[in-house]
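Welcome, and please take a look at the model below.

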Amino acid sequence: MSIKAEYLKLFVNATEKAAYGASKFIGKNDKIGADQAAVDNMRNEFNKINMDGKIVIGEGEMDEAPMLFIGEEVGTKKGQKLDLAVDPLEGTNFVAKNLPNSFSVLAASEQNNLFFAPDTYMEKIAIGSNLPKDLVDLDNSVEKNICLLAEAKNTTPNKITVCILERPRHNKIISSLRKMNVNLKLISDGDVSGIIYIVDQNSPVDMYMGIGGGPEGVLAAAALSCYGGQIQTRLVLNSDESIRAKKMGIIDLKKKYNIDDMIKGDVMFCATAITNGDLADGIKDQKEFYEANTIALHKDAEINTIFKNKHKK
Ligand code: VTB
């Protein structure tokens, strides 16, 4: 079965309201206030939707997050049974400092079709569509993955662009990429959009690699699965997190997850830009209206569009 088409515009509305809430905090150096406003608005919209929804990736576990916590039930309980992964404010630093590329993001699937990733780090490697299945692998060397991708794209490593979070933990990868003369797009935060660059027509990025958040990995995988892209991931767990992951039902802690392990069946994905970004324009706050731009994807309906909506304040 597919997700009923009418949910897409309701979910777009939820990320747009969340983005608007956060937009009032742009440049105000108040990450907590911005996140809270986004969470409150998203939850408020969810609870108007005729769905039997459950948060499977959210702001944290019940005892650490007052709202949109993992396991929280949302919606009127009257409609389809859906699982939701949410990141009401992806890029808190960007909003706090008025920098580009903050988004309000969600993904929806039918029940039990999204990977319940714990809130830990995750290794990721992702590439775009129309490439041989399982072309790259986390266990290959950086050099091998770049050569495989260059060959599949009928080009050379110096023409490949890789996006990666600029972090000391990636120094070794970055130096290997530099040695191969690969083009780098270093990002300070926001690896959901970092991964979407791969499938964005206007972006030169060919591959994403490195360690970022697990929940963000699932959101990015949802988007990629609508575009036919590929991602492989593996959780990065310390000893406490390993215990938590086991409690969540993860048996093989070192398992490599491919996109079909992370996202099953139909999926919807919405990302509304808060500050202006490479992928979409941010919230435009006018006197009586505000305008929002949302990347809206629905896998089964093959919808891949940017909604431009005006909302009355
Ligand atoms: C990651 C990344 C996110 O925060 O979670 C990052 O996936 C935090 O990484 O997109 P560090 O602990 O190294 O700072 C984001 O960049 C933004 O939420």
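## The chain as a whole

Of the 313 residues of the protein chain, 54% count as buried, where buried means under 20% relative accessible area, exposed over 50% and partly exposed in between, with a 1.4 Å probe and protein chains only. This is a predicted model, in which local features need pLDDT of at least 70, side-chain atom pairs count only at pLDDT 80 or more, and totals for chains, interfaces and linings use all residues. Residues are numbered from 1 along each chain as its sequence is written, and side-chain values use heavy atoms, with hydrogens and water left out.

The protein chain has nine helices and 14 strands; these are DSSP runs numbered from the N terminus, helices being H or I of at least four residues and strands E of at least two. Its radius of gyration is 19 Å, close to the 20 Å that the globule rule gives for 313 residues, so the chain is as compact as a globular protein of that length. That radius is taken over C-alpha atoms, and the rule is 2.2 Å times the number of residues to the power 0.38. Among contacts (heavy atoms within 4.5 Å) between residues at least 6 apart in sequence, 70% join residues at least 24 apart.

Which strand is largely enclosed by the rest of the structure? Strand 8 (residues 207–213) is, because six of its seven residues are buried. Strand 5 (residues 121–127) runs antiparallel to strand 8 and is joined to it by seven bridges, with Glu123 opposite Ile211. Strand 6 (residues 161–165) runs parallel to strand 8, through two bridges, and here Val162 stands opposite Met207.

## Around Ile250

Strand 10 pairs with strand 9 (residues 230–236) in the antiparallel sense over two bridges, and Thr233 stands opposite Tyr257. The loop between helix 8 (239–247) and strand 10 holds Ile250, which counts as buried at 9% relative accessibility.

Beyond its neighbours within four places in sequence, Ile250 is in contact with Phe115, Phe116, Pro118, Leu235, Ala245 and Tyr257. Ile250 and Ala117 lie 133 residues apart in sequence, yet their C-alpha atoms are 9.1 Å apart in space.

Notes. Two strands pair if DSSP finds at least two bridges between them.
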